[in-house]
Amino acid sequence: MYKRQDLSDLLGRESVKPKKDLFEKNIANKAVMVTGAGGSIGSELCRQIILLKPRMLVLFEMSEPALYQIDQELKEINELNIEVCPVLGAVTDKDRALKVFEYYGVQTIYHAAAYKHVPLVEYNSSQGFFNNAIGTKLLAEAAITSNVETFVLISTDKAVRPTNFMGASKRAAKM
């Protein structure tokens, strides 16, 4: 069973208290999608979102093992019987994103999919930029085309004043 971490452990700083009414406005009774659902940040979002009673939670992930793991974990804690839809896909595939948004009627997206491990992104800079910056652009364009109501980009403190390529790719995504 998953041992819940303190969010400040993931952030490396004190967390800011979420505004529950704002979360509920974008989640309760909505079709919510989390990109990068199997990653450390995406999976924690999924664990929290499922408790806020979405109509449906779409797990969008390019790693089949990571998608399987978060899907299985959510099945164990899904006491509210929320519909959970594990979907394999990459944020760099705009056509796939469009089809998923339309098929599931996605209303809210929490975009957490990103390459975040600095040494790997530094070594694979073209793929880091393509996934983080171009993937975010393509996903946002698909969301606009599909009339998605809310698009939340989950970013990193490293994007504020980037000192490495990973931070620069996330800053480009934010812009």
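**Reading a predicted fold**

Author: Start with helix H3, residues 40–49. H3 is mostly covered, since seven of its 10 residues are buried. Keep in mind that this is a predicted model.

Reader: Which residues of H3 are buried?

Author: They are Gly 42, Ser 43, Glu 44, Leu 45, Cys 46, Arg 47 and Ile 49.

Reader: Let me step back. How many helices and strands does the chain have?

Author: Eight helices and five strands. Along the sequence, their pattern reads α-α-β-α-β-α-β-α-β-α-α-β-α.

Reader: How do I read a strand, say S2?

Author: Begin with the general idea. In a regular strand, side chains alternate between the two faces of the sheet. Now take S2, residues 56–61. Six of its six residues are buried, so S2 is largely enclosed by the rest of the structure.

Reader: Which residues of S2 lie on each side?

Author: Met 56, Val 58 and Phe 60 are on one side. Leu 57, Leu 59 and Glu 61 are on the other. All of these are buried, so both faces of S2 are covered.

Reader: Which strand does S2 join through five bridges?

Author: Strand S1, residues 31–35, and the two run parallel. Look at Thr 35: it stands opposite Phe 60 in S2.

Reader: Through which helix does the chain cross from S1 to S2?

Author: Through H3, the helix we began with. This β-α-β crossover is right-handed.

Reader: What about S2 and S3? How many bridges join them?

Author: Six bridges, and these strands also run parallel. S3 covers residues 83–88. Follow Phe 60 again: it stands opposite Val 87 in S3.

Reader: Where does the chain go between S2 and S3?

Author: It crosses through helix H4, residues 64–77. That β-α-β crossover is right-handed too.

Reader: Now the aromatic rings. How many aromatic pairs are there in the whole structure?

Author: A search finds one. It is made by Tyr 103 and Tyr 104. Their ring centres are 4.8 Å apart.

Reader: Why is the pair called edge-to-face?

Author: Check the angle between the planes. Planes over 60 degrees apart count as edge-to-face. Here the planes are at 85°, so the pair is edge-to-face.

Reader: Is Tyr 103 buried or exposed?

Author: Exposed, with a relative accessible area of 67%. Look next at Glu 102. This residue is in helix H5, residues 94–104. Glu 102 is exposed as well, at 55% relative accessible area.

Reader: What separates Glu 102 from Ser 146?

Author: Two numbers answer that. Along the chain, they are 44 residues apart.

Reader: How do I read contacts across the whole chain?

Author: Ask how far along the sequence the partners lie. Take the contacts with a separation of 6 or more: 72% of them are between residues 24 or more positions apart.

Reader: And what does the chain bury and expose?

Author: Buried residues make up 43% of its 175 residues. The chain exposes about 10000 Å². Carbon and sulfur atoms supply 53% of that area.

Key: Residues numbered from 1 in each chain as written. Predicted model: local features only at pLDDT ≥ 70, side-chain atom pairs only at ≥ 80, totals over all residues. Heavy atoms only, no water. Buried < 20%, exposed > 50% of the residue type's maximum accessible area, 1.4 Å probe, protein only. Helix = DSSP H or I, 4+ residues; strand = E, 2+ residues; numbered from the N terminus. Phe/Tyr/Trp six-rings, centres within 6.5 Å; stacked < 30°, edge-to-face > 60°. Pairing = 2+ DSSP bridges. Right-handed = clockwise from strand over helix to strand, strands pointing away. Contact = heavy atoms within 4.5 Å. Areas by Shrake-Rupley, 256 points an atom, 1.4 Å probe, with all protein chains shown as cover.
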